[in-house]
Amino acid sequence: MKQILIIEDEDLLSNLLQKKLSALGYGVRIAKSEIQGLEMIEEQKPDLLLIDISMPQGNGFRVIRKIKRSDDLRDISIIVISNSGRQEEINTAKSLGINEWIVKTEFDLEQVLLKVRNQLK
Amino acid sequence: MLSKNKQPDSRLEKKVQDLEQGTKDLKDTRSALMNILEDVEEERGKVEIERDRTSAIIKSFADGLLFIEGNKVTLINPKIEKFFDISEEDILGITLTNLAKDKRFKSLFALIEKRGDSFSREELMWTKDLAVEISSTPVFRDKKNTGKIIIIHDISREKMIERMKTEFVSIAAHQLRTPLSAIKWILKMMIDGDLGRLNKSQKEFLEKTYQSNERMIHLINDLLNVARIEEGRFLQDIKKVDIVGMVQRRVTSARGLVKHKKVTISFTKPKTKISKTNADAEKIYLVIQNLMDNAIHYTKEGKVDVKVGLTKDKKSILVSVSDTGIGIAKDQESRIFTKFFRGANAVKTETEGSGLGLFIVKNIINAHEGKTWFESQEGKGSTFYFTLPIR
């Protein structure tokens, strides 16, 4: 079973994603902060990370940097889900090596699920 | 003897008379001169009062004043001393050539060189924390240009308030996006029947709610774009873009939007091949989208025609969007690109709308050093044009 970790402080969104992704047959865990997320990655390495960039507790960019610097974790697929569509942030994230950047308001849940499925094929 | 003396007597008398007259004239002249002197004295007093008054005004003036006559600075006020961090003795009488060498005056001279003697309210970042507005007026004496007055107005506070306002909008809009995306996702799931079957009217209501939510997201995106324009960090991703292909894509997707309307959309291709040009693709797409959305929204029935070609000098791409819609009233033409403005007939036709679309369009095209304009007749339709320099 492919493992997905969601790092997102907005309960409603993370619960929705978990419900939908579990129904598709993925193992899904949720972290609500940067620190909790890093702990959970250490506990069990996920195949894909769905991460919000701006959270009150912590910064998604730091998590992405840590993953991409580690030889063991580098191959985790990363999809950023963010409220921001700022090009400079997207460019920074892409240069760090993320797979996708999703602006929450511009996508429906179905489209997000499709992107997850494509990454985990 | 007597008769002989009679003549000299009368001569004497005449002389006495003349002398008396002369004395009187002298007295009159003296008193006239005294009067004049008194008048002069009085006038001098008045001039002195006037001078003191003018000097007090200049000295206490909230703006910086700098008087240049001939090739020299002849008058400054204390505010100028503060702005330039210089004392009156160090600047009066100094030639402009020498002054231009002083790095404190560098930006002022660069501005004068660029704009000449007469300009009004040019903004300049004087230092990191000091923003000013500079105006210059030439001075004439007997129709001859004798110098100029430069007025420097501190606008740092206005700039700070403007910045805070923009930051506030930006933060507020970002915070609003979070709940709106949650609402969007959940409504979509409900409409798709993921959370249980819905009856027809439930579905209809949810679809309407979904559309309202989409409008709110759209408005917030507009506000964020305006905030970015005002922060001066709008264009970020400049690369080679195929404008013709982009317009064509938008035309295709817009045809889907007008299915339920009596509006046809046509696309006129350029006569010659247009190569790719450097631009911010996302922003230019937003321009095309905004112009076409307006054309469609404000045309009840008829046609929308989108053309792409080159300008006469072939140095720019010219895009036009024409419609047979409600048009723009003559007296509102000048305000059409201003922030939050919506034409009276537009508000009547379509109650929704932020009045930000065309403001965003103009700013995006300006940032690309292109031009935006329109032709319109109320009740007949409008054509909006923009150019993009090819580079």
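Which residues have the most contacts inside the largest nonpolar core? I started there, keeping in mind that this is a predicted model.

**Entry 1: the main core**

I found that B:V287, B:L291 and B:M292 have the most contacts inside the largest nonpolar core, which has 39 residues. I then listed the elements of chain B that give two or more residues to this core: the helices are α7 (200-231), α8 (243-257), α9 (281-297) and α11 (357-367), and the strands are β7 (262-268), β9 (301-310), β10 (316-323) and β12 (381-389). The core lies between domain 2 (158-231) and domain 3 (238-389) of chain B, because both give residues to it.

Leaving out residues up to four places away in sequence, B:M292 touches B:R250, B:A254, B:V304, B:V306 and B:V321. There is also a second, separate core of 30 residues, and A:L5, A:L17, A:L50 and A:I81 are among its members. Background for myself: nonpolar side chains tend to be buried together in soluble globular proteins.

Next I looked up α9(B).

Then α8(B), with its 15 residues. From first C-alpha to last, α8(B) reaches 21 Å, close to the 21 Å expected at 1.5 Å a residue. Which residues of α8(B) are buried? I get B:I243, B:V247, B:R250 and B:A254. Down the axis of α8(B), these buried residues fall within an arc of 65 degrees, so they line one face of the helix. The general rule I had in mind is that an α-helix has 3.6 residues a turn, so residues three or four places apart point the same way. On the face of α8(B) turned away from the buried side I noted the exposed residues B:G245, B:T252, B:S253 and B:G256.

**Entry 2: chain A and A:L113**

I went over to chain A, which has five helices and five strands. Along the sequence they follow the pattern β-α-β-α-β-α-β-α-β-α. Of the 121 residues in chain A, 34% are buried. For contacts in chain A between residues at least 6 apart in sequence, 62% join residues at least 24 apart.

I used A:L113 as an example, a residue in helix α5 (residues 109-119) of chain A. Is A:L113 buried or partly exposed? It counts as partly exposed, because it has 17 C-beta neighbours inside 10 Å and a buried residue needs 20 or more. A:L113 touches A:K20, A:L21 and A:L24, not counting residues up to four places away in sequence. A:L24 is 89 residues from A:L113 along the chain, yet their C-alpha atoms are separated by 9.1 Å.

**Entry 3: chain B and where the chains meet**

Chain B has eleven helices and twelve strands. In this chain of 391 residues, 23% count as buried. I ran the contact tally here too: among contacts between residues at least 6 apart in sequence, 56% join residues at least 24 apart.

Last, I looked at the interface. I count 14 residues of chain B in contact with twelve residues of chain A. Helix α6 (residues 156-191) gives the most to the chain B side, with eleven residues. By class, that side has six nonpolar, four polar and four charged residues.

Note on methods. Residues numbered from 1 in each chain as written. Chains lettered and ligands numbered in written order. Predicted model: local features only at pLDDT ≥ 70, side-chain atom pairs only at ≥ 80, totals over all residues. Core = buried A, V, L, I, M, F, W, Y, C linked by C-beta atoms within 7 Å. Buried ≥ 20, exposed ≤ 12 C-beta atoms within 10 Å, placed from the backbone. Helix = DSSP H or I, 4+ residues; strand = E, 2+ residues; numbered from the N terminus. Domains from an automatic or database assignment. Contact = placed C-beta atoms within 7 Å. Expected span 1.5 Å × (residues − 1). Arc of directions from axis to C-beta. Nonpolar A, V, L, I, M, F, W, Y, C, P; charged D, E, K, R; others polar.
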